[in-house]
Amino acid sequence: MGFCKFNRRRTKSSSSEVDPSFQLTILFLTGLFCGFSYSAYFYSAYMSPLGNASKVQKAPNESLSRLVHKALDLNGSIIEQLFYEMQTQRNQKLFEEVRILCWVCTSANTANRSVHVKATWGRRCNKIIFISEEEDDFLPTIKVDARPGREGLWAKTVHAFNYIFDNYINDYDWFLKADDDSYVLVDNLRKLLLPYDPNDPDYFGFHFKTIVPRGYMSGGAGYALSREAVKRLVTRAFAGEITKCPNQTADGSEDADLGRCLDYAEVYPGDSRDEKGHFRFYPFVAENYVHPDLSEREWWYWYFIKWPHKGVIHTRFVFQPI
């Protein structure tokens with residue numbers, strides 16, 4: 001992972017890290033085994049005088065080359081399954097090591113979106129909760145005192161982090177805020193967060209450079225806070241120690257208000273880009289990043305972004321609205 005700033009590493013060793021030489025050895029032995037196996041099969045079936053042709057199920061007009069391609073397809077399936085199993089095991093280790101609580105901001109009018117979140121990417125979170133101004137027994141939601149619509153976003157955010165602090169702060173490492181129109185590749189998010197210690201005050205997302213002295217993370221793109229960041233947010237900013245932090249009745253921009261509170265609590269934005277400078281969090285739908293309108297230099301986006309825009313969406317993104 002490429003990080004330009006805030007590149008503190010975990011002091012403990014990661015059980016999910018695999019020695020590259022070991023991986024290469026496994027792949028080499030697998031290829032060697034499969035190659036010898038299929039070579040022996042074709043030799044015994046077609047070349048060896050001892051081969052019993054009557055046991056070979058060969059279509060009348062099927063050439064040897066077609067059978068070779070069939071075997072290669074089968075071999076490819078075996079290798080693909082092997083990679084899938086290796087990736088699944090790695091993701092399971094990350095699931096246990098990088099524990100993420102996802103909280104989804106929803107409302108009575110958009111709860112149908114949250115149903116799909118719960119059925120898809122929400123299953124990859126270690127725990128998921130839904131914050132709304134209305135009760136919903138199906139999701140279920142945690143009802144908070146907030147107005148519907150954008151005017152209630154800040155109140156929901158304050159209630160959500162207070163609730164998390166009171167109930168889950170020591171059970172999880174990272175706390176992700178997402179909207180109900182977002183899609184998150186949670187396994188990619190874990191890989192991003194793996195090098196960082198949740199006991200350090202870290203804060204990741206899509207970095208805007210305006211309004212707050214060090215900038216803030218876009219609310220639409222979502223953001224992830226470490227355990228220590230949530231502790232500082234609740235005990236310093238929300239508890240009244242920092243008078244410049246807006247109270248929960250404010251109706252300003254939720255993401256900028258959170259950025260102010262975190263800045264006052266000495267939690268500063270981290271760099272979530274990959275080693276090539278591509279973004280991993282996106283505040284808009286994918287088509288906005290390839291649509292010609294994005295090239296308009298007068299668009300507010302160009303004045304807000306902290307890091308250079310590369311011009312295309314990268315396939316290793318973590319987060320995007322849908």
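**Pocket, cavity and a helix crossing**

The largest pocket has a volume of about 480 Å³. This is a predicted model: local features need pLDDT of at least 70, side-chain atom pairs count only at pLDDT 80 or more, and totals for chains, interfaces and linings use all residues. Residues are numbered from 1 along each chain as its sequence is written, and side-chain values use heavy atoms, without hydrogens and water.

**Largest pocket**
- A pocket is an open set of points on a 1 Å grid, with protein on both sides within 12 Å along at least five of seven lines.
- Helix 4, strand 4 (174–179) and helix 7 (254–264) each give two or more residues to the lining.
- The lining divides into six nonpolar, seven polar and nine charged residues.

**Largest cavity**
- The structure holds one cavity of 30 Å³ or more; in a cavity a 1.4 Å probe fits but cannot get out.
- The largest cavity holds about 60 Å³ of space.
- Its lining includes H207, D271, R273, R280 and W307.
- Four nonpolar, four polar and three charged residues make up that lining.

**Helix 4 against helix 6**
- The axes of helix 4 (residues 153–167) and helix 6 (residues 227–238) come within 10 Å and cross at roughly 115 degrees.
- The two helices are therefore roughly perpendicular (65 to 115 degrees).
- W154, V158, F161, N162 and F165 in helix 4 meet V230, K231, L233, V234, T235 and F238 in helix 6 (heavy atoms within 4.5 Å).
- By class, this contact has eight nonpolar, two polar and one charged residues.

Methods
Axes are lines fitted to C-alpha atoms, for helices over the stretch in contact, and angles run from 0 to 180 degrees between N-to-C directions. Helices (H or I, at least four residues) and strands (E, at least two) are DSSP runs, numbered from the N terminus. Angles under 35 degrees count as roughly parallel, over 145 as roughly antiparallel, 65 to 115 as roughly perpendicular and the rest as oblique. Ala, Val, Leu, Ile, Met, Phe, Trp, Tyr, Cys and Pro count as nonpolar, Asp, Glu, Lys and Arg as charged, and the others, Gly among them, as polar. On a 1 Å grid over the protein atoms alone, a cavity is a set of points where a 1.4 Å probe fits but cannot get out, and a pocket is an open set with protein on both sides within 12 Å along at least five of seven lines; lining residues have an atom within 4 Å of a point. Grid points are joined across faces, edges and corners, and a volume is the space filled by probe spheres set on the points.
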